[in-house]
Amino acid sequence: MNQMHRREFVKRVGLSAAALPFLMGLPSLGLAAPARPRQRLIIMFSPNGTIPGAYWPDETGSDFKLKEIMSPLEGFKDKMLVLNGVCNKVRGDGDNHMRGMSCLLTGIELFPGNVMGGGGAPAGWASGISIDQEIKNYFQSKEETKTRFGSLEFGVGVTDRADPWTRMSYAGPNQPVAPISDPYQMYHKLYGQLKDKESLQSVLDDVQSDLKKIRKMISAEDRQMLEQHETLVRQMEKDLKEGEKKKLVAPAPTLDTGVSASQNDEVPHLSRMQVDLLINSFVNDMARVATLQYTKSVGQARMNWLDIKDGHHGLSHEPDNNEDAKKKLTKINQWFAGELNYLLTRLAETPEPGSTGSMLDNTMVIWTNELGKGNSHTLDNIPFVMAGGGFGFQMGRSLKLDKVPHNRLHLALAHAVGHRIETFGKKELCSAGPLDLS
Amino acid sequence: MSQMRVVLTLFLAGLLMATGQVQAAGRKAPSGADIFRKQCASCHGKSGQGVHGKYDEALHGDWSIEKLARVIDKTMPEDKPETLDAEGSMAVARYIYDAFYSREARDRMNPARVELVHLTNRQYENTVADLLKVFSSDNSKIGKERGLAASYYNSRNQSKKAFSRVDSQVDFNFGTGTPDERVTSTNEFAINWSGSLIAEETGTYEFIVKTPNGMRLWVNGRDEPLIDAWVASSATEHRASVKLIGGREYPLSLDMFKFKDKTTSISLQWIPPHGAQQVIPKRNLSPVTVRSTFVLTTPFPPDDSSVGYERGVGVSKSWDEATTQAAIEVANHVSSRVDRYARVKTNDAEREAKIESFCVEFVEAAFRRPLTDEQKRTYVSYQLKSAKDIETGVKRVVLLALKSPWFLYLGLEEDKTDAYAVASRLSYGLWDSLPDKDLLKQAAEGKLVTQEQVAAQAKRMLGDARTKSKVQDFLHHWLQMDHVEDLSKDSKLYPGFTPEIIADLRTSLNLFLEDAIWNGKSDYRDLLLSDSLFVNDRLAKFYGVKTDTQEDFVKVKLDPKQRSGVVTHPYLLAAFSYQKSTSPIHRGVFLTRKIVGRTLKPPPVAVAFQDANFSPHLSMREKVAELTKDQSCQTCHSVINPLGFSLELYDAVGRFRTTDNGKAVDAKTEYITDDGETVHLAGARDVAEFAVNNDLAQNGFIEQLFHQIVKQPVMAYGPEVMDRLRQSFIDSGYNVQKLLVEITTLSATHSGKKVTSNGKKT
């Protein structure tokens, strides 16, 4: 294959990888029982900060109450870990939204560049890999945790532009990974080969009869080649039938048709489609790491479905004494919690393939945001809420930590999957080691 | 070491042969035929055709008798190789070589015929590219002007246009200022360059954009940028590669903007196939934007080229899989853009009907002929009807069409004079691609019947860029430029012979070939005799050529005593040289096979030239003469060496020289022709003069051109064809373009009846 610009390659890999190892190269889709429980990681993002008073529980420890924003998550309280006091301490070029977003998962400064934000010096992309990609690479490096894609990057309503406000996942320095916001494109990435095979299978009979007809027309000397050709086509048909026996654990889902990925009002619909595809891809073990990015930093989603006509980012700038804005922002964030609840519910009701329990038992979901608070643009007290299991963390708690750098949380995630790196992102912020969440 | 062993083995074999002959006088040794019948035929078949389940493959190949004997002695019969001694092995080897193993034997057994062939890889790639072009209405052509159309703006979002002009290339450093006084804002401005890229050779093109600013580059289509660095982020160099088919133009667009950056600069560079990194030269840019071309990315297994040219014989599993994957690639491309191809709007009430008629057109173009009603039902209507939605239906139509023998094979028609078959033979002959609208129209109107009608079309088709591309393909094959990869030399001995010089030399040779064939007289003799060379500034300096050129290539006349066409082109002289010295053997073999048209058997013993084995005072000529003085070598080297030595006046990088290793170069040789005549040669020009006047050399050129164009054995068109082609070649003043028309017409109008007569036409 052509050597492509690496960033482009990562961007395109969705389509081209689906076209690559075409027929026979398709790895077995059947699942054997895993030797040890799988570990999976999902990072969900929603933008523009939160309303701290309606978000953080007042209590610490296992006896805590969920406030208004997190109320949709009540059913998963005993599986949740609320982390107050985690701060993005990365400084340098770029405004707080840019650093909030592009340093959120990378924990390292942005390069100098030409993107001018609402403050600070102009900046470019993050100068390091993000934790989701780091863990993906670790999984992909080992036979027992390797999957077809390693990681999948889902987007919901992410605008079609590439800048430090729209990218949180990085394959490396200067290598932002674009989330796929179009469920049909994601579907093609996941199941395109399968559909190609179906189309191919449907025409092979006609190809054969074509060859037979023509064989009769041509001279004996030339016939041999066509006979060989026929044998090969027969062989291919056989191989395809063989391949069919290796059934997927879950069949490819049927998507609603005609949903436009760029339509603001389709966001709720798109959200569910993407979550369903995510669950489906995990059941079929196509990846063990995923990100799910709702809009982008400074995202201006208009949540008409909540009867809110203002853009999300605009609202988030309103001062604390604007009660109406506060109410709307609480509602908006509550809606995101509801989508998280849907994700957790789907995971909880899906049995772990080849094992006991549910997929949620072996999946850690993290819901985060690029800012602690919208109108102050603080990078302190970034919302980090975890839910799920399998990482050895003691769940069902609310913690108040003492302004710990978020790099230490990333280290804890890496260590939890067995990837015992000393530092992640900016070294100086890692000196106290991984957060102890056990 | 292993060479030593080979020599020894051979020596022993020789000894044994000698003893064998002595013994033979005493008792009658079994003949090779007897041995084969008794010990080999059970697995290999009576005529070496192979036995299913034992040894399936036919015993065909190009090993020498000696090598065959050696291998047989060591390994055969498989169960007990000791039962066959060297003498017996040699007898068997001689027998099978003459009976069926060698090419000569096979030719004798199977007289040449026009075979059913599938598309070669080159043909496949061109065919799908042109197949999709059928459905594009925009036919903009690049004119003579070179460079890129540039638009300069006083804003970063290209809203306030300052001025436009044509830039010959993109290589600017505006520093902290602006590109031009008409751009007034130093803080923010933007530039777009657009036009077309002229790709000379097929392969992977790497693009490099150097800039500290934000930029996007599109090559061959606006669907997605090849490089997206709109966010400038510390990296100032961006690279990406894309495959392009040579001999075609591709749309290119480059956007850049400055916004508060300290400085502004940009350089658009590339590394073309066989090239070195450089700013994309003006020569390869046009300000006219052409439409994009579909370039297949599916890799194919290499074509069979066992007979010296690529042709579509034999099918293999990997080929079948490649054609399948390629069909899927095209099907996905078409079905995801079906509205664009069918020229229909998504909400058109007639959408399905219009897509159906697009599908019919698509299959007709793919099959290179109109469909019968029954075919329309099978290939189109049924597929569309039985798919769950129209996109899937289109996918099935494309898949079926591209997997069909009607697409994959050439020559399926029972009636070889069928007008559409003639059209295809013409287009695949000159273009390696499908017939254009004109040809299909002529076929439909029954106007591809007479020699004159067909020749008129061939003449028209010469003007198409695809003919040039195909002829370049032939010339590269002829001059072995298609396999040359590494021309680099020892940097201490040949300082300054850089990758840039090597890339320039290839360009120089390409320009020379194009000029010789397509400008002026198109005289074959000019290819060998011309005293001109294309040089740019860099080459002129390195080769000591006086010219006032600054950058781009110009044609300069050189001393005819020193330069003679391709024979002395430095690219080839360097290609047929060692890293530290010339190689009269490589040069000699090239001249023997390609320029004077003689055949050589593979060497009986592979001997590597090792400079350290010779006295340091010898000249290269003396070393080679010493190395090949053995009688067994001289069978061929008596031909190779004189030709190779005649080029000793050129060093390993192709510079003219008069001394070698401190001695005056002796380029005087005596060459024995195939008729046994002695010709005195005193240098490159003498070789070239000899070749252009020699039957065999002319035949060699004609035959190689024929095979490369037609991809069928020339003998299949009758034993007198070679003589006829040569005569008209001579009559035309050795006009290569006319020869192309003659060859294409002849093969296109061939009735397909087998020619069995022997002997020459009287």
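**Domains and chain contacts**

User: How many residues of domain 2 of chain A are in contact with domain 1 of chain A?
Analyst: This is a predicted model, where local features need pLDDT of at least 70, side-chain atom pairs count only at pLDDT 80 or more, and totals for chains, interfaces and linings use all residues. Residues are numbered from 1 along each chain as its sequence is written, with chains lettered from A and ligands numbered from 1 in the order in which they are written. Contact requires C-beta atoms, placed from the backbone, within 7 Å. Domain 1 of chain A puts in 19 residues, and domain 2 of chain A puts in 15 residues.

User: Which helix gives the most to the side of domain 1 of chain A that touches domain 2 of chain A?
Analyst: Helices here are DSSP runs of H or I, at least four residues, and strands are runs of E, at least two, numbered from the N terminus. The top contributor supplies nine residues and spans 267-283. That is helix 7 of chain A.

User: How far apart are the centres of domain 1 and domain 2 of chain A?
Analyst: Domain 1 covers 36-182 + 261-430, and domain 2 covers 183-260. These bounds come from an automatic or database domain assignment. Taken over C-alpha atoms, the centres are separated by 41 Å.

User: Which element gives the largest share of the side of chain A that touches chain B?
Analyst: The contact takes 41 residues from chain A and 44 residues from chain B. Elements of chain A giving two or more residues include helix 1 (6-19), strand 3 (110-115) and helix 6 (220-245). The largest share, 11 residues, comes from helix 5 of chain A.

User: Are helix 5 of chain A and helix 11 of chain B parallel or oblique to each other?
Analyst: Their axes, lines fitted to C-alpha atoms over the stretch in contact, come within 9 Å and cross at roughly 45°. Angles run from 0 to 180 degrees between N-to-C directions; under 35 degrees is roughly parallel, over 145 roughly antiparallel, 65 to 115 roughly perpendicular, and the rest oblique. The two helices are therefore oblique.

User: How many charged residues are in the contact of helix 5 of chain A with helix 11 of chain B?
Analyst: Among the residues making this contact are Asp206(A), Lys395(B) and Arg396(B). Asp, Glu, Lys and Arg count as charged; Ala, Val, Leu, Ile, Met, Phe, Trp, Tyr, Cys and Pro as nonpolar; the others, Gly among them, as polar. The contact has five nonpolar residues, three polar and, as charged, four.

Notes
Two residues are in contact if their C-beta atoms, placed from the backbone, lie within 7 Å.
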